[in-house]
Amino acid sequence: MVRQEILRLVRKAAERAFPSFDPEKVSLEHPEDIAHGDYATGIALALASQTKENPGGLAQALAAELEKEQSPLIEKAEVAGPGFVNIFLNPEALYRILLDFSQGVYGQSKKQKRVIIEYSSPNIAKRFGIGHLRSTIIGDALYRMQEFLGYETIGINHLGDWGTPHGIVLYQVQKHFLTGKEEQEVDSILSQLTVGQLEDLYVRFNTEAESNPELKEQAKAWFKKLEQGDKRARHIWEYARKVSSQEFERIYARLGVHIEHVLGESFYEDKMKDVVEKFKKKGLARKSEGALIVEFEHMPPAMLLKSDGTTTYFTRDLAAMNYRINTWKPHKLIIETGMEQNLHFRQVFEASRQIGWAENVELAHVGHGMYRLAEGKFSTRKGRTIHLEEVLNEAEERARLLVATSESEAEFTEQEQKEIAAMVGVGGVKYNDLMHNPQGDVLFDWDRVLNLKGNSGPYIQYAYARSRSILRQAELKEGSLPEASLKLAPGKVSPEEERILRLLYRFPEVVQDAVDSYAPNMLCEFLFDLAQKYNVFYNTHRVLEAATKEQKEFRLFMTASVARVLKDGLALLGIQSPERM
RNA sequence: GCUCUCAUAGCUCAAUGGAUAGAGCACGGGCCUUCUAAGCCUGGGAUCUAGGUUCGACUCCUAGUGGGAGCACCA
């Protein structure tokens, strides 16, 4: 990565110029205006305020030391403004980097660090709602970006398949479908139940329970039966889990998401007893009002066992922590869920540390905001949800209407139209989710979710399709760009081209930043910026009819680099790039 | 009541403490005989309030206002 190398050089120079300055405090940024260079550092300013020296003089000293490094990467370092040192990259080095990019080589380092990420984690017996899109897609993007950076990444789908809510489903199925039936009929009755029906039963229960709170006791009793291994409870539960998993797999396939391990809450069923024992033995658990709790210094307590002896999700998540850390020995464990679980995971992490499981692992909870309706909020319990399939169908339909009016070189067949509409529709829905900072809520608005113009997935896909169209018509074999195309230096190329060149090389560092801050929206931003700059170039200059052979080759080279980065960048977001649209 | 989180243009979002706060949507005006107009150009518009820290604050601290979430038998 370019930034790492520049940072190293600036630190070395700073050590010589200002021996008292902590090299760790060296800051590096991309100036907004490219006239201010590719990188800039304001450390002379920071230092000057401490030593009361002239910041301009300090900056001069730093720039001089930096020049002495004679790095092939740096063309010049100059002092500007109140005391910034602006660093300009050497065009030739830049070209070499971009040449690698055009062939998909990004200089990723193999760090061999192992990272576990838990994401998606829908509840069984409910259809896949728009709300589950966030965890699924943010998690998927983080997964892909980490792999890109060279981490060994393990994905886990922590299916919500255990706990009292499932008692509701068991109770309802028994009451409405199985009461008074013969044992041999049960299988055929169950096999006709759909996830939609299970969800309806759940919603109905909650409505009825509002006027009849006693029902909740029934649900609890059924969950207890399940936990104790009651045959009927087990039977219904297994069926609900199976039919839900099939439904989820269908959605995942459509989203292009694959999660290696499906280890739902029920997987930890037999591992919880041990967890409870360990906490008791270490004196970390205490009886309170009949329940068994763990206490914390600056947080409310969390419950290991309810007064009826059943476990809670706190118990299960602790068992999951223990299992994952023992099984995979990760350097880092990330859990992606809604932010309403922030406190819960702070408790789980703290408890894990108290008992000594987390000594060699960094724990991170990424809590995302939820989809919000302008008129109020979604609630599965009350049946106010938007199912993801509905959204995807509508998005694909809108994309298909646009594809039909495409000005692409050739007509699309029916099949091609369908494929493109799927890539564009699904890509648009995903991008709309990922472009938001995970922490914030996302206002659900049909027109926005299905937007195919402006800052959207399809906008980036469109820029890609245009660039590919040019490369096709140039009949260029991939990876066959001649070195001759590198003769044009920045400064000799147009501003539209230079802006692209000085943006492209940042791709890997943007991915790094997005991973470090768990924010795929940073990559969205970058790709949109790049697509936008390419569109500006596209509208200002010709590639295929460039004035000189040299210029044409240069523009083809740049187009190939842009195409590659757009495609690979979208892929990290889990979005496909159609060759034509 | 306590804790966490958010507050930037009419709307939806950007901006590791740095140089003139950027986009998109919407609205007004332009650009297809030329590589895809899902595009480009152009115009108006914004940091919740009051203090503080800093050479420098949208960013950090304190208080307040407003939205969201959580706070033991739901997950």
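Predicted model: local features only at pLDDT ≥ 70, side-chain atom pairs only at ≥ 80, totals over all residues.
**Entry 1: terms and model**

I began with a definition: helices (H or I, at least four residues) and strands (E, at least two) are DSSP runs, numbered from the N terminus.

Residues are numbered from 1 along each chain as its sequence is written, while chains are lettered from A and ligands numbered from 1 in the order in which they are written.

I looked up pLDDT, the predictor's confidence in each residue, from 0 to 100. Chain A averages 91, and 95% of the residues score at least 70. For the model I recorded an ipTM of 0.96 and a pTM of 0.95.

**Entry 2: chain A as a whole**

I found 21 helices and 14 strands in chain A. Its C-alpha atoms fill a box of roughly 85 × 65 × 40 Å, taken along the principal axes.

I took a residue as buried if 20 or more other C-beta atoms lie within 10 Å of its own, exposed if 12 or fewer, and partly exposed in between, with C-beta atoms placed from the backbone. Of the 581 residues in chain A, 44% are buried.

I took two residues as in contact if their C-beta atoms, placed from the backbone, lie within 7 Å. Among contacts in chain A between residues at least 6 apart in sequence, 76% join residues at least 24 apart.

**Entry 3: domains**

I read the domain bounds, which come from an automatic or database domain assignment. The assignment for chain A gives domain 1 (2–89), domain 2 (163–261) and domain 3 (388–572). I noted 34 Å between the C-alpha centres of domain 1 and domain 3. Four residues from domain 1 and five residues from domain 3 take part in their contact. I sorted residues by class: Ala, Val, Leu, Ile, Met, Phe, Trp, Tyr, Cys and Pro count as nonpolar, Asp, Glu, Lys and Arg as charged, and the others, Gly among them, as polar. On the side of domain 1 that touches domain 3, I noted two nonpolar, no polar and two charged residues.

**Entry 4: nonpolar cores**

I looked for nonpolar cores, each a set of buried Ala, Val, Leu, Ile, Met, Phe, Trp, Tyr and Cys residues joined through C-beta atoms within 7 Å. The largest has 120 residues, and those with the most contacts inside it include Leu 62, Val 85 and Leu 530. Helix α21 (residues 549–572) gives the largest share of this core, eleven residues. I followed Leu 530: leaving aside its neighbours within four places in sequence, its contacts are Leu 503, Leu 504, Val 562, Val 565 and Leu 566.

A second, separate core of 20 residues includes Ile 124, Ala 125, Tyr 171 and Ile 236. I located Ala 125 in the loop between β4 (114–118) and α5 (131–148). Its phi is near 70°, a positive value in a residue other than glycine. Ala 125 has 29 other C-beta atoms within 10 Å, and is therefore buried.

I also looked up Glu 289, in the loop between β7 (285–288) and β8 (291–294). The phi of Glu 289 is near 50°, also positive in a residue other than glycine. Glu 289 is exposed because 6 other C-beta atoms lie within 10 Å.

I returned to Ile 420, which counts as buried because it has 25 C-beta neighbours inside 10 Å. Ile 420 and Arg 580 are 160 residues apart in sequence but 7.9 Å apart in space, C-alpha to C-alpha.

In helix α17 I examined Ser 467. Ser 467 is buried, since 27 other C-beta atoms lie within 10 Å. Beyond four places in sequence, Ser 467 touches Tyr 534, Thr 559, Val 562 and Ala 563.

**Entry 5: RNA strand B**

I counted a residue as near the strand if its C-beta atom, placed from the backbone, lies within 6 Å of it. Around RNA strand B there are 83 residues, of which Ala 40, Gly 163, Lys 306, Asn 437 and Gly 454 come nearest. Helix α17 (residues 457–473) gives eight residues, the largest share of this surface. By class I recorded 35 nonpolar, 31 polar and 17 charged residues.
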